[in-house]
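Please keep the sequence and the structure in view while reading.

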Amino acid sequence: MGAMQVNFAARRNTLENKRKRLTGMAPDGAPSTLSARRCGERLPHFEVDELRQIDVALARLHEGSYGFCQICGDDIAEERLDKLPATPFCQRCAD
Ligand SMILES: [Zn+2]
């Protein structure tokens, strides 16, 4: 359990850093929802999609469902989360 929490903290850091890069937000910038910042008006589509995925992943980290595939419920492989920390699907379901 301890290891898992350290892991989650690291994932959250990764996701939050990615998010900051996408939004250009200051490190402790408060507004956290996409709609509040209306990023959709300025960011290219793929970045908005990525931002939305990150928001969803952060919400799932918070509620404890992060790391499980949203389709089949299996664990998502660590290596996959390393590459795609915001992905909600395991390799099998994403293919
Ligand atoms: Zn799956």
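## Overall make-up

Of the 95 residues of the protein, 32% count as buried. The model is predicted. Its secondary structure comes to five helices and zero strands. Read from the N terminus, the order of elements is α-α-α-α-α.

Contacts across the chain can be split by sequence separation. Taking those with a separation of 6 or more, 41% join residues 24 or more positions apart.

## The annotated zinc finger region

An unreviewed UniProt entry lists residues 69–93 as "zinc finger region: dksA C4-type". In the model, this stretch is 36% helix and 0% strand.

## The zinc site

Which atoms hold the zinc ion? The SG atoms of Cys69, Cys72, Cys90 and Cys93 coordinate the ion, at 2.3 Å. Along the chain, these donors follow the spacing C-x2-C-x17-C-x2-C. Cys69 lies in the loop between helix 3 (45–63) and helix 4 (78–83), and Cys90 in the loop between helix 4 and helix 5 (91–94), so this pair ties together parts that are 21 residues apart in sequence.

Why is the arrangement called tetrahedral? The four donor atoms subtend angles of 106 to 115 degrees around the zinc ion. Four donors count as tetrahedral if all angles lie between 85 and 135 degrees, so the site qualifies.

## Around Cys69 and Cys90

Are these two cysteines buried or exposed? The cut-off for buried is under 20% relative accessible area. Cys69 has 4%, so Cys69 is buried. Cys90 has 7%, so Cys90 counts as buried too.

Cys69 has contacts beyond its neighbours within four places in sequence. These partners are Asp74, Ile76, Pro88, Phe89, Cys90 and Cys93. The C-alpha atoms of Cys69 and Phe89 are separated by 4.4 Å, although the two residues are 20 residues apart along the chain.

## Thr87 in the loop

Thr87 sits in the loop between helix 4 and helix 5. Its relative accessibility is 7%, so Thr87 counts as buried.

What does the Thr87 side chain reach? One partner is the side chain of Arg80, in a polar contact at 3.1 Å. Another is the backbone nitrogen of Phe89, at 3.4 Å. Setting aside residues up to four places away in sequence, Thr87 touches Gln53, Arg60, Ile76, Arg80 and Leu81.

## The nonpolar core

In soluble globular proteins, nonpolar side chains tend to be buried together. Here, the largest nonpolar core has 16 residues. Leu15, Ile54, Leu61 and Tyr66 have the most contacts inside this core. Which elements give two or more residues to the core? They are helix 1 (2–23) and helix 3. Helix 3 gives the most, with six residues.

Tyr66 deserves a separate look. Residues up to four places away in sequence are again left out. Tyr66 then touches Phe8, Arg11, Leu15, Ala57, Arg60, Leu61, Leu81 and Pro85. Among them, Leu15 and Leu61 are also listed with Tyr66 for the most contacts inside the core.

Notes
Residues are numbered from 1 along each chain as its sequence is written. This is a predicted model: local features need pLDDT of at least 70, side-chain atom pairs count only at pLDDT 80 or more; totals for chains, interfaces and linings use all residues. Side-chain values use heavy atoms; hydrogens and water are left out. UniProt positions are given in the numbering used here, feature names are shortened, and annotations may be inferred rather than shown by experiment. Helices (H or I, at least four residues) and strands (E, at least two) are DSSP runs, numbered from the N terminus. Donors are N, O and S atoms within 2.8 Å of the metal (3.2 Å for Na, K and Ca); water is not among the atoms, so sites may look incomplete. Four donors count as tetrahedral if all angles lie between 85 and 135 degrees; four count as square planar and six as octahedral if opposite donors are over 155 degrees apart and all others between 65 and 115; anything else is irregular. Buried means under 20% relative accessible area, exposed over 50%, partly exposed in between (1.4 Å probe, protein chains only). A polar contact is a pair of N or O atoms within 3.5 Å; within protein, one must be able to donate a hydrogen and the other to accept it, and residues adjacent in sequence count only if both atoms are side-chain atoms. Contact means heavy atoms within 4.5 Å. A nonpolar core is a set of buried Ala, Val, Leu, Ile, Met, Phe, Trp, Tyr and Cys residues joined through side-chain atoms within 4.5 Å.
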